[in-house]
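Below are some notes on the model, for reading beside the coordinates.

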Amino acid sequence: MTWEITGDSERIFHHSPNQSCTIRQNNSALIGETHGPQEFIQRENNRAALSRTLPQMSFSRSRNERQCAHNKIEMSKRILITGGAGFIGSHVADELLESGYTVRVFDSLAPQVHGPERNRPTYLNSEVELLLGDVRDERALSKALEGVDAVYHFAAMVGVGQSMYEIAQYTSVNNSGTAVLLQQLIKKPVERLVVASSMSVYGEGLYQTDEGEIVDGSERGLEQLRKHAWELTSREGKDLQPIATPETKTPSLASVYALSKYDQERMSLLIGRAYKMPTVALRFFNVYGPHQALSNPYTGVLAIFASQLLNNNAPSIFEDGLQRRDFVSVHDVAHACTLALEVPEAADEVFNIGSGENFTVREVARRMGAAVNKQIEPEITGKYRVGDIRHCFSDITKARKILGYEPIVSFDEGLEELVNWLEGEVAVDKVTQAKAELAARGL
Ligand code: UD1
């Protein structure tokens, strides 16, 4: 077994999903310890217990608990995150800094996400070097790439609905932006490229018949939605059962956004292979957590329900509320991103990053009500969004096996954290408003 030491503190080196070893430096002596599958399970349990007992719902894995590949990119290397001032990127920056990397962010601070002032977000770690620029701007990007060892490509427009009327803009930022980045990278390849893809590339998730026959590629038409016949059906007219969706499901691209995400991942993997630049694509499921862009009208259902409830309004549920999704905490996603950077076997692969669990939208509204401590019945509207899928949730077997990814934030813990953060956001607004009112009165 190869041992590698890059610092003087205790670190865990990850060798396979079921094995890890710890090296401690005690004065000048090195103490090594290998943990087999049994101990690994024990450690996982301890980690889950730890996350439950942490104050302020902090899910950050301590440095000693971090899993690092033994051929890992050395600490203190500089990592560039395009779009790193956004929701997911900012959490990845925190994880990387905690692991000892140097982090540079290249971001346009788009007004739709960051407001008209386009200020540096307060949540962005002060140790992050922030360069302002558009990913399509060759010169600015080339400067951002100077001295960089690895790249996360997160810069993208992310509204599914909006992509259907801002076609040129989405194609320009997402598709051409990725092309410009890859054009630069072939001149000076990095040790690793990690690109953010999305569950939206699947369209509907995978289904099976009552007899267990797998159905890949079924969809609902507008006529069906008009009749409020929500479920997908077999040729015989029987309801199909949703099952976890693996990476092998045939993509079904139902929006310009989904098309652009598929284009980003395929182009990156293709160029990565051709130029021997190890590349990883991560298909994120419904990611939620602090720093979600609330001013953005395309934010997900959890933030919408939480805001409605905090304002004493009933959450409005589309269809009958029995549609299922896979909500994954941004902390688990950020950890998956670190693994995608560090695990050698991840190169040239695509991974689902979800929670491995799924809930109906009704259940989500109920749990959110409990998290905000409000007894408000949700309204089941029977309305529908054209192009909405019925069910999609992840099969994370591949990420577990190859990346050693294991989500640790339970849905209820994640909701509590989201609600605490949202309340803080509201409180901040009120404080600002109150201060302004006092100032206006000369107080
Ligand atoms: C979509 C995208 C996904 C993107 C996410 C957040 C697809 C297949 N997926 O996911 O890539 O990351 O948006 O931008 O396009 N709902 C309500 N009431 C509401 C809002 C939503 O009942 O007020 C329901 C929706 O009908 C849906 C579920 O909640 O069934 C989830 O909706 P949403 O959070 O918008 O995400 P997705 O559509 O799953």
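1. At roughly what angle do the axes of helix H5 and helix H7 cross? The model is predicted, so to speak of local features takes pLDDT of at least 70 and side-chain atom pairs count only at pLDDT 80 or more, while totals for chains, interfaces and linings use all residues. Residues are numbered from 1 along each chain as its sequence is written.

2. The axes of H5 (residues 167-187) and H7 (residues 256-274) cross at roughly 10° and come within 9 Å. Axes are lines fitted to C-alpha atoms, for helices over the stretch in contact, with angles from 0 to 180 degrees between N-to-C directions. H5 and H7 are therefore roughly parallel to each other (angles under 35 degrees). Helices here are DSSP runs of H or I with at least four residues, strands are E runs of at least two, and both are numbered from the N terminus.

3. On the H5 side, the contact (C-beta atoms, placed from the backbone, within 7 Å) includes Ile167, Tyr170, Asn174, Thr178 and Leu182. Among the H7 residues are Val256, Tyr257, Asp263, Met267 and Ile271. By class, the contact of H5 with H7 has nine nonpolar, seven polar and one charged residues. Nonpolar means Ala, Val, Leu, Ile, Met, Phe, Trp, Tyr, Cys and Pro; charged means Asp, Glu, Lys and Arg; the others, Gly among them, are polar.

4. Helix H2 (residues 87-98) packs on helix H9 (residues 330-342) at about 60°, with their axes 9 Å apart. The contact includes Phe87, His91 and Glu95 of H2, and Val330, Ala334 and Cys337 of H9. Its residues divide into eight nonpolar, four polar and one charged.

5. An open, antiparallel sheet has three strands in the order S11-S10-S12, where pairing takes at least two DSSP bridges between two strands. The edge strands, S11 (214-215) and S12 (241-243), each pair on one side only. S10 (residues 206-208) pairs with S12 over three bridges; Gln208 has Gln241 as its bridge partner in S12.

6. Around the ligand are 20 residues, of which Val160, Ser200, Gly300, Val301 and Phe318 come nearest; the criterion is a C-beta atom, placed from the backbone, within 6 Å. Helix H8 (301-310) and strand S15 (316-317) are the elements that give two or more residues to this shell. The shell has ten nonpolar, seven polar and three charged residues.

Terms used:
Contact = placed C-beta atoms within 7 Å. Parallel < 35°, antiparallel > 145°, perpendicular 65-115°, else oblique.
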